[in-house]
Amino acid sequence: MPDKPILSFIDFKLNFDTFDGVYQAIDGISFDLNPGESLGIVGETGCGKSVTAKSIMGLLPSPPAEVAGGGIWFDGRNLLKEKSSTLKSIRGNEISMIFQDPMTYLNPVFTIGKQIVDVILAHQKRGNHGRSLTSKQAFQYGMELLDKVHLPNPRRQMKSYPHELSGGMRQRVLIAMALSGQPKLLIADEPTTALDVTIQAQILELISELREQLNLSVIMITHDLGVVATVCDRVLVMYAGQIVEDASIKQLFNNPSHPYTRGLLQAVPDPAKPNKKLKGIPGALPNLLNPPIGCRFQTRCSSASEKCTRMPALNKIRTNQKVACWNVGTT
Amino acid sequence: MLAVENLKVHFDVKNNRGVKTKLRAVDGVSLHLKKGEAYGIVGESGSGKSTIGKAVLNLAPKTEGKIEIDGRDITMTNRANEAWLRQNAQIVFQDPHSALNPRMTIMRSVAEPIIVHTKTRGHDLRRRVEELLDIVGLSKQFIYRYPHELSGGQKQRVCIARAIALEPSLLILDEPTSALDVSVQSQILEFLASLQRDLNLTYLFISHNLSVVRYLCQRVGVMYLGNIIEEGTTKTVFEHPQHPYTKALLGAIPYPGATQPQSAPPLIGDIPSPVDLPVGCRFHTRCPVKVANLCDRLAPEHHHQTLGWASCHLLDPDLDKVGGKPE
């Protein structure tokens, strides 16, 4: 490991307090993110991947969200213990986030330019660059940002409204806004799910390019294993609020070890092997109001045995691969 | 069994100056499906793929063209045709959550087409619904549940049960797995494949997910801006794509594997507006290999190969005579 990690989760637990009881959305996850690394988080609906991202940004309303233990360390600070004013200066300036549906995050009644300038000015007020921009300079900077994300004709786009842009262009605008505070970490929550494949390819290429140019760390949250393979170095596979496998791209696809990871890979139609028989994973996610004791995958696992009623630890089985399963040998 | 000839669906829209123009959603599409075949239509959003499905079921207005199912001309929409069509062709939509009435039990939702079209009532009706649920792999206990008690995959199975209730010969599947997780998607795909074998159904499968189409379909048509630009057996189209758009589309699928295959750089720009179609070949604004002074003038013809065809000037054996050179 080269440098010390930029972001660390240490046994983080998060519950949602609902009328039906305590929903254990995240149950003790730990991982490190190194500077410049691109980490993918994959899993199905309801596995806690978006909640993980939102808890980094402190975007979950409390109540109902309630941190039940552990910590999130960013650059030497525990994000869970910081004052809200400190968090405000971290959000956007040091950590930025882009979301799935770009239209929902742009205000339809203001021009793109107005919204970008707003973001730029808001951040420099709390800023850490030590310079103060006039609104004219902010407009100029906004155009530079749009140019950086390869939006054609930035001057004209600054004056257009969100509905005049296509989905791919809107996502580029959001990325430009996310970059305005010169963050160290970019969290992308399903950034291409709403886009067509050709546009998705463009956006993924842009993210990889910016990452290299600006030495960004990226957390890419997605349910698409193909997307992960294209842009990430390392992957966390999440299931029911726990990390079941933490592996480099190479290990994940060549030696998938957790039964859930293997199940996921078997469920995806492989463009190279069209006649491959698809296998679903039988059953459904356990109810997290009352999760099974021990390994949460045991209810759907074909090789579950008695020891699975105790929680397996995330053990290193090879270089660059950790798995939480009793049946995967550490020998 | 399904024959679509030169189908055009144009919508009247107003442009930003309030002038009436035409939105050409589908612009001259012909399809021929054999009985028991699964035909896939792929394309990006806005290419008109869903509109074809809707036009076949008379859910979208046809501007021009002819549609035949099992030899019966259903282009004209009168009462008799409509009733016949509803019994013989059915559709499964993308989002099962919004396709089921939240206030109807599964029993009522599945029974509705049977009540409308047949005289089955009472015990027989209940038995039929149970039978249908059994076909789609749901147990009897679901019969008096409401949609919110079911998971996404189960709801989609209910939608399929409802669609096959009248034993249609044609099933239109409009992105049936897009709203589902991969592990559930694979279950539904496996099930659709076996259902097709068991009931000898004809599928018109509409999707933007090429891997899914490849898995389920025997033949595939690639749509771009209201036209089919390449058609062929799934194997041919996926292994030896002819049209530059098909090549780009295939290259853009992120590959779930440790090493990424070599592929062409992504296409530049967005799909043009169907209100303001490019002249000549519709793909020329984004085409990486366009021929100057030809593609932006003339629409290409279909060039036939052994197991399919594509419409691109570059496949024209007489390209030199026409006078174009690749850029």
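Mentor: A nonpolar core here is a set of buried Ala, Val, Leu, Ile, Met, Phe, Trp, Tyr and Cys residues joined through side-chain atoms within 4.5 Å. Keep in mind that this is a predicted model.

Trainee: OK. Which residues touch the most other members of the largest nonpolar core?

Mentor: B:Y203 and B:F205 do, in a core of 68 residues.

Trainee: And which helix gives that core its largest share?

Mentor: Helix α7 of chain B, residues 182–199, with six residues.

Trainee: What is B:Y203 in contact with, leaving aside neighbours within four places in sequence?

Mentor: The list includes B:L33, B:E37, B:A38 and B:Y39. B:L171, B:L173 and B:L216 are also on it.

Trainee: What does the second, separate core include?

Mentor: That one has 63 residues, among them A:L145, A:V231, A:C232 and A:C301. As background, nonpolar side chains tend to be buried together in soluble globular proteins.

Trainee: Helix pairs next. At what angle do α4 and α5 of chain B pack?

Mentor: About 110°, with the axes 10 Å apart. Residues 106–117 form α4(B), and residues 122–135 form α5(B).

Trainee: Which residues make the contact?

Mentor: From α4(B), B:I106, B:M107, B:V110, B:A111, B:I114 and B:I115. From α5(B), B:L125, B:R126, B:R128, B:V129, B:L132 and B:L133. By class, that is 10 nonpolar, two charged and no polar residues.

Trainee: Now chain A. How do the axes of α4 and α6 cross there?

Mentor: At roughly 125°, and they come within 9 Å. Helix α4(A) covers residues 135–148, and α6(A) covers 167–179. That angle makes α4(A) oblique to α6(A). This crossing is right-handed.

Trainee: Which residues make that contact?

Mentor: A:Y141, A:L145 and A:L146 of α4(A) meet A:V173, A:A176 and A:L179 of α6(A). The contact divides into six nonpolar, no polar and no charged residues. A:L145 also belongs to the core of 63 residues.

Trainee: How far is A:V173 from A:A247?

Mentor: 32 Å in space, C-alpha to C-alpha, and 74 residues in sequence.

Trainee: Where is A:A247 found, and is it buried or exposed?

Mentor: A:A247 is in strand β10 of chain A, residues 242–248. It counts as buried, because its relative accessibility is 0%. Not counting residues up to four places away, A:A247 touches A:R234, A:V235, A:L252, A:N320 and A:Q321.

Trainee: How many residues of helix α1 in chain A are buried?

Mentor: Seven of nine, over residues 49–57. The buried ones are A:K49, A:V51, A:T52, A:A53, A:S55, A:I56 and A:M57. A:G58 follows α1(A), with a positive phi near 65°.

Trainee: Which residues other than glycine have a positive phi?

Mentor: Among them are B:E175, with phi near 50°, and B:N293, with phi near 65°.

Trainee: Where do B:E175 and B:N293 lie?

Mentor: B:E175 lies in the loop between β7 (170–174) and α7 of chain B. B:N293 is in the loop between α10 (244–251) and β11 (302–305) of chain B.

Trainee: Is B:E175 buried or exposed? And is B:N293 buried or exposed?

Mentor: B:E175 counts as buried, at 8% relative accessibility. B:N293 is exposed, with a relative accessible area of 55%.

Notes: Residues are numbered from 1 along each chain as its sequence is written. Chains are lettered from A and ligands numbered from 1 in the order in which they are written. This is a predicted model: local features need pLDDT of at least 70, side-chain atom pairs count only at pLDDT 80 or more; totals for chains, interfaces and linings use all residues. Side-chain values use heavy atoms; hydrogens and water are left out. Buried means under 20% relative accessible area, exposed over 50%, partly exposed in between (1.4 Å probe, protein chains only). Helices (H or I, at least four residues) and strands (E, at least two) are DSSP runs, numbered from the N terminus. Contact means heavy atoms within 4.5 Å. Axes are lines fitted to C-alpha atoms, for helices over the stretch in contact, and angles run from 0 to 180 degrees between N-to-C directions. Ala, Val, Leu, Ile, Met, Phe, Trp, Tyr, Cys and Pro count as nonpolar, Asp, Glu, Lys and Arg as charged, and the others, Gly among them, as polar. Angles under 35 degrees count as roughly parallel, over 145 as roughly antiparallel, 65 to 115 as roughly perpendicular and the rest as oblique. A crossing is left-handed if the near helix is turned anticlockwise from the far one by less than a right angle, and right-handed if clockwise.
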